[in-house]
2 protein chains.
Amino acid sequence: MPGIQPTPTRKEREFQAREELILTHARRLLLEKGFQAWNMEQLAEAVEYSKGTLYQHFTSKEDLVLAVATASLRQRADLFEKASNFKGLTRERCRVIGFACCEFAVTCPEYFHVEMMLKSASFWEKASDARRQAHAFQGARCWRVLNHIIVEAMALGEMPRTHFTPEQATFALVSVTVGSHLMSQEPQLKVQAGITSPMLSVRFNQDIVCDGLGWKPLLHEHDYAATDRRIVKEVFPNATAWLYPDT
Amino acid sequence: MPGIQPTPTRKEREFQAREELILTHARRLLLEKGFQAWNMEQLAEAVEYSKGTLYQHFTSKEDLVLAVATASLRQRADLFEKASNFKGLTRERCRVIGFACCEFAVTCPEYFHVEMMLKSASFWEKASDARRQAHAFQGARCWRVLNHIIVEAMALGEMPRTHFTPEQATFALVSVTVGSHLMSQEPQLKVQAGITSPMLSVRFNQDIVCDGLGWKPLLHEHDYAATDRRIVKEVFPNATAWLYPDT
DNA sequence: GAAACTATTTGACCGTTGGTCAAAATAAAG
DNA sequence: CTTTATTTTGACCAACGGTCAAATAGTTTC
């Protein structure tokens, strides 16, 4: 919750603009080549500054990549919050979050590539504390949105509250979402599972978990196709691009 | 399905023994330090050979790590096949697989660390083709065991077969399992979700998905605590170590 | 048992890359 | 214009993955 910012000087604004330039190019390189297949020299060339200047913004290559990840994560949190404004049943609102996940995966395809590295302890050691906290903050925003919906679902009696806590339910949905995204990128599994549209698989698995949680109305008790049409129309008009597997 | 092997000479046996020695130490280093924080020189020192000798076994550091991962994956496939021999309802047998997952996570804790890297394209490029195929083979073994149980469940009418294919159901279970393992290692999420025992969370989420798939008998329709006791007794006597969160 | 030959092991060496810092360039102040 | 403060630069360093000619160990021949 940022208060009144001290007026940024021209220098500060230039610094900020350059940081975003760096992040943009780093993001592109991450997407095109992954983490290893480019170096700081190449990035410096791309942004038309020298290597030393890069290190005025970031303490290490890992710190830089974490900043890219956090910028993406902020977009996800923004999408989540936008999604949560949808008017409807709690399970319908959860469904909008599912759409947000897919929109995010399409908008920030480099994120899942980076997310892998975020699990490695050595990665975090090399990142600065400020960036670590920024990442945690955006992560918490995403968690909070989904958790709120589930708390509300329980309060309204749309989800049973006797078998598990709201946090357990949130965790289940987060897990299945991340796992589905990861697995649907695995070429071998895609063939074995006969996956044609990764996004469809992710949302299918989310539905399974929601049903498993007893989140009313269950999949076959409601016309979710109608809900989906409303979601596309009201919240994610661009979703048609990824909603149906390209023919 | 290995046929009659040509008799290995003494040299071949020594070569094999050394390879296992290398893998053992590499596995330990991976667990203790991750991927980055050790180098081939250190590994060479640990196994008391020189760096050049390591490169007679593996084409690159990545190739070596992939070999470690595949060795672990073989253990998982072994556990899965052992688990699938359990006599009982299909959902009970799926539950044994869930135990196998946890047993594996405890036995091969370095695997999830490595699995992250396996998603990176640049990683696979540096590994040899033979190791790639070996890894795919062990992965397919794991998939097949679970898939067979689900096919059988549908054939017996213990799982509905109208809403999805056996492969979709298998994919959902695989996704939630991997996702849960990953997420339950995230320190921030552990706090937010209030996770005390990662293994318990994984199995809980698997239960949710099984229920969501309509896999009879559902969680509340059957005394799965009794099943669990049988599983521990008959298949995983060591499971008590991780089954309950340590006090 | 020595010599000749083969197979294996070794570690000095190379190229690349993340990261540093003194010097150069630029901007600001006097 | 001169001096001072700030920013940018790229040569440089150390670390690491990977290579290969030389050394060592092992085997065969006479």
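Analyst: Happy to. Around DNA strand D there are 16 residues, and the closest of them are A:Ser50, A:Gly52, B:Asn39, B:Gly52 and B:Ser60. Please keep in mind that this is a predicted model. Helix 3 of chain A gives the most, with four residues. If you sort the surface near DNA strand D by class, you find three nonpolar, seven polar and six charged residues.

DNA strand C is surrounded by 15 residues, with A:Asn39, A:Gly52, A:Ser60, B:Ser50 and B:Gly52 the closest. Here helix 3 (51-57) of chain A and helix 3 (51-57) of chain B each supply at least two residues. The largest share of the surface near DNA strand C, four residues, comes from helix 3 of chain B, whereas for DNA strand D it is helix 3 of chain A that gives the most. By class, the surface near DNA strand C has three nonpolar, seven polar and five charged residues.

How are the two protein chains themselves related? Two copies of a chain are related by a rotation about an axis and a shift along it. In this model, a rotation of 180° with 0.0 Å of shift along its axis superposes chain A on chain B, with an RMSD of 0.1 Å. That is the relation of a two-fold axis.

The chains also touch each other: 40 residues of chain A are in contact with 41 residues of chain B. On the chain A side, the elements that give two or more residues are helix 6 (110-118), helix 7 (121-126), helix 8 (129-155), helix 9 (166-183), helix 10 (187-193) and helix 11 (198-212). Helix 9 of chain A gives the most to that side, with 13 residues. The residues of chain A that touch chain B divide into 19 nonpolar, 18 polar and three charged. Because 100% of the interface residues of chain A are also interface residues in chain B, the copies meet through the same surface.

From helix 11 of chain A the contact uses A:Ser201, A:Phe204, A:Asn205 and A:Ile208, and from helix 9 of chain B it uses B:Gln168, B:Phe171, B:Ala172 and B:Ser175. Those residues divide into four nonpolar, four polar and no charged.

Finally, here is a helix pair inside chain B. The axes of helix 4 (residues 61-83) and helix 6 (residues 110-117) of chain B come within 10 Å and cross at roughly 130°, so helix 4 of chain B is oblique to helix 6 of chain B. The crossing of these helices is left-handed. B:Val65, B:Val68, B:Ala69 and B:Ser72 in helix 4 meet B:Tyr111, B:Val114, B:Glu115 and B:Met117 in helix 6 of chain B. By class, this contact has six nonpolar, one polar and one charged residues.

Key. Residues numbered from 1 in each chain as written. Chains lettered and ligands numbered in written order. Predicted model: local features only at pLDDT ≥ 70, side-chain atom pairs only at ≥ 80, totals over all residues. Axes fitted to C-alpha atoms, helices over the stretch in contact; angles between N-to-C directions. Parallel < 35°, antiparallel > 145°, perpendicular 65-115°, else oblique. Left-handed = near helix turned anticlockwise from the far one by under 90°. Contact = placed C-beta atoms within 7 Å. Nonpolar A, V, L, I, M, F, W, Y, C, P; charged D, E, K, R; others polar. Near = placed C-beta within 6 Å. Least-squares fit on C-alpha atoms with pLDDT ≥ 70 in both.
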